[in-house]
Amino acid sequence: MLVPNLSHTERLMPTTRPNPTTVNTSAALPGQRLPLAAAQSRGCSSASPGICRVAIVGGGPGGLMTAYLLQKKVNRRLEVVIFEASARLGGKIRSPRFSIESVAYEAGAAEFYDYSPVDEDPLKALIQELGLPLVPLGGNTLCVDNRLITNLDDVEQYYGAKTRATWQRFHQQARGTMTPADFYRSGSDEAWSWPDPPTKSFADFLGESQINELQPLLEWQVHSDLATEPANTNVEYGLQNYLMNDPAYMQLYGIEGGNERLIDELVQRCSAEFRLQQPVKQIRRLASGEVQVDFLADGAPHSQTFDAVIVALPHDALPNLSFPDTQLAAAMQRHFDHHHHPAHYLRMTLLFRSPFWRAAWQESFCMLDHFSGCCLYDESWRTPEPDWGVLGWLLGGQAAVDFADRTDDELIELALDSLPPVMGNGRSHFLEGRVHRWLHAVNALPGGRTPLPIQQRHCPEPTCHDNLWIVGDYLYDSTINGVFDSADYVTDAIAASVHST
Ligand SMILES: Cc1cc2nc3c(=O)[nH]c(=O)nc-3n(C[C@H](O)[C@H](O)[C@H](O)COP(=O)(O)OP(=O)(O)OC[C@H]3O[C@@H](n4cnc5c(N)ncnc54)[C@H](O)[C@@H]3O)c2cc1C
């Protein structure tokens with residue numbers, strides 16, 4: 001038998017594939033226009049009779065998927081404007097190239113989660129619908145003290161029969177606690193949740209499981225999946241990040257030639273207006289029921305009015321928006337506080353003359369015992385038959401914070417130092433290194449300590465701001481699958497609203 005779960009990637013957390021997105025169109029949901037009398041009785045002015053103009057704040061995967069899904073679901077043409085603060089679309093999906101050789105690598109999100117062995121996988125279906133070729137990714141190795149451990153026999157050889165038995169027991173316990181179906185439902189209103197108080201941490205759970213000598217190995221294994229330390233997250237998220245290494249729960253893939261091809265395809269197919277370098281600063285509802293978006297363009301303030309606004313930002317970008325309405329401001333503050341569990345990443349990616357490590361190791365990723373547990377990607381697998389080699393180090397949690405102040409050159413040196421000699425001599429093949437810092441960029445406790453009902457997550461102030469929606473991966477699981485689910489939910493609700501008017 002193989003080691004239960006020695007594989008690892010930066011997979012953050014699985015998402016909810018079941019359709020949490022089903023929208024009950026018979027009731028007045030957030031985003032559906034309230035009948036005039038109902039709106040007035042709540043002290044709001046009436047909403048405009050229908051949605052024609054939609055603003056999407058944020059041109060990352062969430063914003064672009066929202067625009068694409070709106071276009072697919074709404075049976076009439078909407079005017080959609082996407083405001084993006086930076087000079088590029090795509091957010092944390094980035095596949096830049098080295099300068100010495102035009103070789104692509106992933107600077108942000110590395111992989112997509114494939115739930116199709118368990119149930120429907122709408123994100124994979126979308127990627128396939130866009131005609132993008134998939135590359136399966138996988139790894140089953142833990143590299144500790146310059147030893148490659150790939151199965152339970154290796155565990156027994158290096159750590160003894162007791163550790164082997166402990167690992168088997170823990171794995172059975174984890175599988176018995178959360179089934180693939182439970183995992184698949186995570187993030188939905190029907191999600192499995194740990195029966196103990198939500199304050200219990202994953203570190204508490206590991207402690208109670210009495211895994212003793214196995215604990216450091218497991219913590220290294222999940223560290224860059226979690227992007228935080230086990231004490232900072234709950235049992236549910238910790239278990240998910242452990243179990244995602246088991247192929248019965250999910251599999252992994254990337255897009256051949258770079259994940260950013262997904263962004264390019266979405267942009268090409270969306271008829272939205274893209275406004276680059278136009279950060280949104282303020283959102284307010286007008287007496288007419290429309291929503292005014294205040295933004296900067298060429299450094300000067302501008303305003304534009306919409307029928308609905310979708311804020312598709314990571315949680316750490318929310319404090320940059322202001323909401324003059326006190327009720328909305330309070331609701332947005334509660335929303336932010338509930339989800340404020342920042343987690344961190346740091347990537348070092350190195351280009352080599354050849355994939356010199358392949359004689360010793362041939363997977364797309366493995367786990368290193370350096371940097372409190374870090375994922376090492378063989379980025380070269382993303383391109384068939386490369387004649388160069390690319391390795392990527394993904395540091396998570398406190399290690400990412402601790403090393404973020406180092407210069408790029410220092411970090412590249414540290415990466416080279418951490419390469420286990422058993423894989424070969426990196427220095428003699430090294431060509432170029434790149435560093436990407438992602439502090440506060442992901443969420444250590446997506447959904448918050450006690451997840452809110454799906455509607456409340458997406459529409460924080462439904463009484464007078466039923467046309468202000470939120471899309472975010474942090475509402476589900478800090479992954480692209482999660483942000484897709486979020487976009488799917490909101491676009492279902494908006495489509496229902498449009499079709500009902
Ligand atoms: C290093 C790293 C590795 C990851 N690995 C994976 C992985 O392997 N698999 C996975 O599924 N997920 C992974 N993730 C998470 C994944 O990247 C996110 O789930 C995804 O990017 C979320 O998309 P988003 O659109 O919500 O946010 P973002 O990608 O952050 O995009 C938000 C966009 O909004 C823009 N913006 C910010 N403020 C404003 C404003 N005021 N006005 C207008 N625009 C604004 C930003 O410039 C950005 O373009 C990883 C993340 C990181 C950092």
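## Phe274 and its surroundings

Leaving out neighbours within four places in sequence, Phe274 is in contact with Gly59, Ile82, Glu84 and Leu89. Contact here requires C-beta atoms, placed from the backbone, within 7 Å. The model is predicted: local features need pLDDT of at least 70, side-chain atom pairs count only at pLDDT 80 or more, and totals for chains, interfaces and linings use all residues. Numbering starts from 1 along each chain as its sequence is written.

Phe274 sits in strand β8 (residues 273-275). Strands (E, at least two residues) and helices (H or I, at least four) are DSSP runs, numbered from the N terminus. Phe274 counts as partly exposed because it has 18 C-beta neighbours inside 10 Å. On this scale, buried takes 20 or more other C-beta atoms within 10 Å of the residue's own, exposed takes 12 or fewer, and partly exposed lies in between; C-beta atoms are placed from the backbone. Phe274 and Val80 are 194 residues apart in sequence, yet 8.7 Å apart in space, C-alpha to C-alpha.

## Ligand shell

The ligand is surrounded by 40 residues, and the closest are Gly58, Gly60, Gly62, Gly91 and Thr479. A residue is near the molecule if its C-beta atom, placed from the backbone, lies within 6 Å of it. The shell divides into 20 nonpolar, 13 polar and 7 charged residues. Nonpolar covers Ala, Val, Leu, Ile, Met, Phe, Trp, Tyr, Cys and Pro; charged covers Asp, Glu, Lys and Arg; the others, Gly among them, are polar.

At least two shell residues come from each of α2 (61-73), β13 (342-352), β17 (430-443) and α15 (480-499). Domain 1 (36-92 + 259-340 + 449-499) and domain 2 (112-247 + 342-443) both contribute to the shell, so the ligand lies between them. The domain bounds come from an automatic or database domain assignment.

## Nonpolar core

The largest nonpolar core has 131 residues. Such a core is a set of buried Ala, Val, Leu, Ile, Met, Phe, Trp, Tyr and Cys residues joined through C-beta atoms within 7 Å. Val54, Val57, Val309 and Ile310 have the most contacts inside this core. Helix α15 gives the most to it, with 10 residues. Both domain 1 and domain 2 give residues to this core, so it lies between them.

Ile310 touches Val54, Ile56, Val57, Thr66, Trp469, Val471 and Val490, not counting residues up to four places away in sequence.

## Helix α3

Leu123, Lys124 and Ile127 are the buried residues of α3 (residues 122-129). Seen down the axis of α3, they fall within an arc of 100 degrees, so they line one face of the helix. The arc is that of the directions from the helix axis to the C-beta atoms. Ala125, Gln128 and Glu129 are exposed on the other side.

Key
Contact = placed C-beta atoms within 7 Å.
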